[in-house]
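Subject: Structure handover

Hi,

Here is the structure for you to look over. My notes follow below it.

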Amino acid sequence: MRGRRGLLIILSSPSGAGKSTLARRLREWDPEIQFSVSATTRAPRPGEVEGREYYFRDRATFQKMVEDREMLEHAEVFGNLYGSPKKSVVEALKQGIDVLFDIDWQGGQQIRNSLRAEDTVSIFVLPPSIAELERRLLTRGQDRGEVIDKRMARSRDEISHWAEYDYVLVNSDIDRATEEVRAIVTAERLKRSRQPGLIELVRDLNSEFEERSGEHAPAEDSPPNR
Ligand code: 5GP
């Protein structure tokens, strides 16, 4: 127990703005950050592993999870359902472990409007240009042409929500953007309200002051300083 509740770190961006790389690098920097593995009804892409990138579920199973209130948030994206299962997140937060969410603006809104708003920090990643966004989607080669067109259309919608986020960064250089995300997390962890242990530390510091002033107090009979 770290003496504080964990942070919910929300990372959103249009596809291709470098969000997944940033998420991976953030966890390499601090492996204790837990990634919230979402459930989705979309089919796995080559190389994706059940339980690592996503929990791949059919629509009926997903909807049952929603009905049973097992999701912290959920939304429809590109015609598929995506949601963040609640259980592992709640357990981590209770232990003071920070949880990272790679979710869209709808999920971001739901978490910000929930009881957990106080513990939430949201970061939006913008691409330097739309041409660059498209180039990244094409070189990633994970999707077919028509899917890329859909993603580009959806990017505009996603970008329109940039102003709802606490922090916004432009990913023109991935190393710099990584530094910026780390700086945000570091600063958020240092917020006074997130350091309940400080009260005790400051009390101890004051006791030390008192002990010292006792030791260094001028003797009763010493002549006054002129
Ligand atoms: P992809 O299919 O490329 O993995 O993800 C598509 C979009 O869905 C991305 O913008 C991603 O951030 C978002 N997404 C992934 N998981 C979740 C989730 O659990 N909830 C919400 N609201 N969006 C998600």
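A polar side-chain atom of Lys19 lies 2.8 Å from an oxygen atom of the ligand. That falls under a polar contact, meaning a pair of N or O atoms within 3.5 Å; within protein, one must be able to donate a hydrogen and the other to accept it, and residues adjacent in sequence count only if both atoms are side-chain atoms. Arg42 also reaches the ligand: an N or O atom of its side chain is 2.6 Å from a ligand oxygen. For Asp102, a side-chain N or O atom is 2.7 Å from an oxygen atom of the ligand. The ligand taken alone exposes 510 Å², and the protein buries 94% of that. Those areas come from the Shrake-Rupley method with a 1.4 Å probe; for residues, only the protein chains shown count as cover.

Before the rest, the ground rules. This is a predicted model, in which local features need pLDDT of at least 70 and side-chain atom pairs count only at pLDDT 80 or more, while totals for chains, interfaces and linings use all residues. Residues are numbered from 1 along each chain as its sequence is written, and side-chain values use heavy atoms, with hydrogens and water left out.

The ligand site

The ligand takes up the space of the largest pocket. A pocket here is an open set of points, on a 1 Å grid over the protein atoms alone, where a 1.4 Å probe fits, with protein on both sides within 12 Å along at least five of seven lines. A molecule sits in one if more than half of its atoms lie within 2 Å of its grid points. Two elements give two or more residues to the shell around the ligand: β5 (71-77) and β6 (80-85). Strands are DSSP runs of E, at least two residues; helices are runs of H or I, at least four; both are numbered from the N terminus.

There are 17 residues around the ligand. Ser38, Arg42, Tyr54, Tyr82 and Asp102 come nearest. A residue counts as near if one of its heavy atoms lies within 4 Å. The shell divides into six nonpolar, four polar and seven charged residues. Nonpolar covers Ala, Val, Leu, Ile, Met, Phe, Trp, Tyr, Cys and Pro; charged covers Asp, Glu, Lys and Arg; the others, Gly among them, are polar.

Two positive phi values

Most residues other than glycine have a negative phi. Arg69 is not a glycine, yet its phi is positive, about 55°. Arg69 is in the loop between α2 (59-67) and β5. Arg69 counts as exposed because its relative accessibility is 68%. The classes are buried under 20% relative accessible area, exposed over 50%, and partly exposed in between (1.4 Å probe, protein chains only).

Phe78 has a positive phi too, near 50°. The loop between β5 and β6 holds Phe78. Phe78 has a relative accessible area of 22%, so it is partly exposed.

Buried positions

Arg4 sits in the segment before β1 (8-12). At 13% relative accessibility, Arg4 is buried. Its side chain makes a polar contact with the side chain of Asp98, at 2.9 Å.

Ser84 belongs to strand β6. Ser84 counts as buried because its relative accessibility is 0%. Ser84 and Thr40 are 44 residues apart along the chain, and their C-alpha atoms are separated by 9.0 Å.

- Leu137 is in helix α5 (residues 130-140). Its relative accessible area is 2%, so Leu137 is buried. Leu137 and Glu32 are 105 residues apart along the chain, with 30 Å between their C-alpha atoms.
- Glu158 is in helix α6 (residues 145-159). Glu158 is buried, at 3% relative accessible area. From Glu158 to Leu126 is 32 residues in sequence and 9.8 Å in space, C-alpha to C-alpha.
- Ile184 is in helix α7 (residues 174-190). Ile184 is buried, at 10% relative accessible area. Tyr167 is 17 residues from Ile184 along the chain, and their C-alpha atoms are 8.0 Å apart.

Best wishes

Terms used. 1 Å grid on protein atoms, 1.4 Å probe; cavity = no way out; pocket = protein on both sides within 12 Å on 5 of 7 lines; lining within 4 Å.
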